[in-house]
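The points below are grouped by topic.

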Amino acid sequence: MSINISTVFNILKQEVKNGKASVLTYSELSQAYYDYTGVYHEPHGSWDAVLGKINNWLYTKNAPPISAIVILKGKNEPGGGFWGCSPNVPNRPKTEEEKIIVWMKILEDIGMYDWQNVTLSPTVRIAVTPT
């Protein structure tokens, strides 16, 4: 089964409004994807490759890594697969304080970026193994 990256990207873009990026959990991403497509993917293990691919594509457009808005439920931070997933995402900072500062700056950059004309082709897909 494959995940339509364009759909995921559009879900993420909808979370950026009025210069502010709202966060959503992996569970909420799974539900939003289901609401759009009728296909459910588990929150854990389904999204890392897709989100990394989106961030790598965004890097080629000089755009910030929008997947920073996807967070772990109960932790209020991106999953471990986020850090270092693409050239526009630094490796995981050494301290919790540094991690929060870097993440908040990325969220600010996402909020300030003009996403209106950034689109992914609807035919871009990535194969995932069912969990």
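Predicted model: local features only at pLDDT ≥ 70, side-chain atom pairs only at ≥ 80, totals over all residues.

The lining of the largest cavity has four nonpolar, three polar and one charged residues.

**The cavity**

- One cavity of 30 Å³ or more is found when the whole structure is searched.
- The space in the largest cavity amounts to about 60 Å³.
- Its lining is formed by Tyr-26, Asp-48, Leu-51, Gly-52, Ser-67, Gly-81, Phe-82 and Cys-85.
- Helix H3, which spans residues 48-60, supplies the largest share of this lining, with three residues.
- Asp-48 is the charged residue of the lining, because Asp counts as charged.

**The contact of helices H1 and H3**

- Helix H1 covers residues 5-13, and its axis comes within 10 Å of the axis of H3.
- The two axes cross at roughly 80°, so H1 is roughly perpendicular to H3, given that angles of 65 to 115 degrees are classed in this way.
- On the side of H1, the residues in the contact are Ile-5, Val-8, Phe-9 and Leu-12.
- On the side of H3, they are Val-50, Leu-51, Lys-53, Ile-54, Trp-57 and Leu-58.
- By class, this contact of H1 with H3 comprises nine nonpolar, no polar and one charged residues.
- Leu-51 of H3 belongs to the contact with H1 and also to the lining of the largest cavity.

**Asparagines with a positive phi**

- Most residues other than glycine have a negative phi.
- Asn-18, which is not a glycine, has a positive phi near 50°.
- Asn-18 is placed in the loop between strand E2 (16-17) and strand E3 (20-21).
- The relative accessible area of Asn-18 is 84%, and this residue is therefore exposed, the cut-off being over 50%.
- Asn-76, likewise not a glycine, has a positive phi of about 55°.
- Asn-76 occupies the loop between strand E5 (70-71) and helix H4 (96-112).
- With a relative accessibility of 47%, Asn-76 counts as partly exposed.

- Glu-42 is situated in the loop between helix H2 (26-37) and H3.
- Glu-42 is partly exposed, its relative accessible area being 39%.
- Glu-42 and Pro-78 are 36 residues apart along the chain, and their C-alpha atoms are separated by 17 Å.

Definitions and conventions:
Residues numbered from 1 in each chain as written. Heavy atoms only, no water. Helix = DSSP H or I, 4+ residues; strand = E, 2+ residues; numbered from the N terminus. Buried < 20%, exposed > 50% of the residue type's maximum accessible area, 1.4 Å probe, protein only. 1 Å grid on protein atoms, 1.4 Å probe; cavity = no way out; pocket = protein on both sides within 12 Å on 5 of 7 lines; lining within 4 Å. Points joined across faces, edges and corners; volume = space filled by probe spheres on them. Axes fitted to C-alpha atoms, helices over the stretch in contact; angles between N-to-C directions. Parallel < 35°, antiparallel > 145°, perpendicular 65-115°, else oblique. Contact = heavy atoms within 4.5 Å.
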